[in-house]
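Dear colleague,

Please find below the structure that I am handing over to you. My findings follow directly after it.

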Amino acid sequence: MRAVIRRNKQLVCDEVQDLKPDQGQVLVRTLACGICGSDLHALHHMEHMIDLTSRANGGMTNGFDPTADTVFGHEFCAEILDHGPGALKTLKAGTRVVSIPATLTPVGGVEMLGFSNNLPGGFAEQMILSEALLLEVPNGLPTEKAALTEPFAVGAHAVAKARLDPNSVALVVGCGPVGLAVIAGLKARGHGPVIAADFSPRRRAAAELMGADVVIDPAVENPHARWEGFGVPTARAAQNMVRMMGGSFGRPVVFECVGRPGVVQSLIEASPAGSQIVVAGVCMETDRIEPAIAITKEIELTFVFGYTPEEFAQTLHDIAQGVIDVSGVVTGTVGLDGVAQAFKDLGDPEAHVKILVEPGLR
């Protein structure tokens, strides 16, 4: 079968070995798979990513070799083709499904799809998934929307980790795919007002479509200037005065969705005293903060990653029910032969928001 392979830090469309499902597994046809920001970074910096992962996990990387052939793709919707031995076959062949991008193996291991040497991710015509992890796509939900379950679950998780109260004001800094997912997650849970900030006109427009209440170009206006207008004093002295007078205000929560050096420190300095900064942007470089400023302002830093199975399932439900409206998020579609160019196109924030790979598209 055909697949797009990361080989020698290049993307090559080539033939790979046909797949056969093992115990508890299913063979699926990939219908659509999103290109994630982590894919863009991994193309040229996979070795560094795996080194960081190894350090975070005590040296454990499940034996993954970042220099070997890898088929990316972990944001997918697929169709069941066949079942492995002993399968319950609760979902029949032809059923459209999504899944957390992890496949259980008979020997008890886990292959992380998109970052595996043994199983291909979604940039391949077929994949091997675990029957126990499948979620059926509800009838009527288009494939391209179902494929967005995984990236929007990331936003749901970030929101779940935020200590928002009913009167909280949220600021989302960076409106790429992660920031958009956070905005969607906030609005899906009824939180607001939500301020969104990004230098890109296209991303600001997407943030508005996601439901952001205020959208700001930081080149024109400092987004932190809006806190007072929403009733949130920024200085600790002013906050104490409000409390002494019997008043109250919502907790300020800032979502960092940029993932570049210096951003966390800038938010520590600019955010209101007592803010929680939820760091959802994945910075792959060594960064620097000044703890004394965060301590003086009692800033709370919360780092988030991924999602829980429950959040993944709830996100699929929210998209299917229209609680999260992902219309307009997908701005391009390519077949396997167009993946390499799509990676280049996504380097320009004005060109696209999200590109889906459809392996059956010629």
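Which residues have the most contacts inside the largest nonpolar core? In this predicted model, they are Phe-152, Val-172, Val-182, Ile-183, Leu-186 and Phe-255, and the core itself has 46 residues. Two or more residues each come from strand S3, helix H3 (149-161), strand S10 (169-173), helix H4 (177-188), strand S11 (194-197), helix H5 (201-210), strand S13 (252-256) and helix H9 (309-320). Helix H4 gives the most, with seven residues. In soluble globular proteins, nonpolar side chains tend to be buried together.

Leaving out residues up to four places away in sequence, Ile-183 touches Val-172, Cys-175, Val-194, Ala-196, Ala-207, Met-210, Gly-211 and Ala-212. Another core, of 41 residues, lies apart from the largest one; Cys-33, Ile-35, Val-339 and Ile-355 are among its members.

I turn next to the strands. Strand S4 (residues 75-83) is largely enclosed by the rest of the structure, because seven of its nine residues are buried. Strand S3 (residues 25-34) runs antiparallel to S4 and is joined to it by eight bridges; in one of these pairings, Gly-34 has Glu-75 of S4 as its bridge partner. S4 is also joined to strand S5 (residues 96-99), again antiparallel, by two bridges. Here Glu-79 is partnered by Arg-96 in S5.

Two helices also deserve a description. In helix H7 (residues 263-270), the buried residues are Val-263, Val-264, Gln-265, Leu-267 and Ile-268. Their cover includes S10 and S13, together with strand S14 (276-279), helix H8 (291-297) and strand S15 (300-303). Helix H6 (residues 236-244) contains Gln-239.

Is Gln-239 buried or exposed? Gln-239 counts as buried because its relative accessible area is 4%, and the cut-off for that class is under 20%. Apart from neighbours within four places in sequence, Gln-239 is in contact with Pro-233, Thr-234, Phe-249, Pro-272 and Ala-273.

Finally, the surface. Leu-104, Val-110 and Met-112 form a nonpolar patch there, with about 220 Å² of accessible area together. Met-112 belongs to strand S7 (residues 110-112). With a relative accessible area of 37%, Met-112 is partly exposed.

Yours sincerely

Terms used:
Residues are numbered from 1 along each chain as its sequence is written. This is a predicted model: local features need pLDDT of at least 70, side-chain atom pairs count only at pLDDT 80 or more; totals for chains, interfaces and linings use all residues. Side-chain values use heavy atoms; hydrogens and water are left out. Patches are made of residues with over 30% relative accessible area and no salt bridge: like charges are joined within 9 Å, nonpolar side chains (Val, Leu, Ile, Met, Phe, Trp, Tyr) within 5 Å. Accessible areas come from the Shrake-Rupley method with a 1.4 Å probe; for residues, only the protein chains shown count as cover. A salt bridge is a side-chain nitrogen of Lys or Arg within 4 Å of a carboxyl oxygen of Asp or Glu. Helices (H or I, at least four residues) and strands (E, at least two) are DSSP runs, numbered from the N terminus. Buried means under 20% relative accessible area, exposed over 50%, partly exposed in between (1.4 Å probe, protein chains only). Two strands pair if DSSP finds at least two bridges between them. A nonpolar core is a set of buried Ala, Val, Leu, Ile, Met, Phe, Trp, Tyr and Cys residues joined through side-chain atoms within 4.5 Å. Contact means heavy atoms within 4.5 Å.
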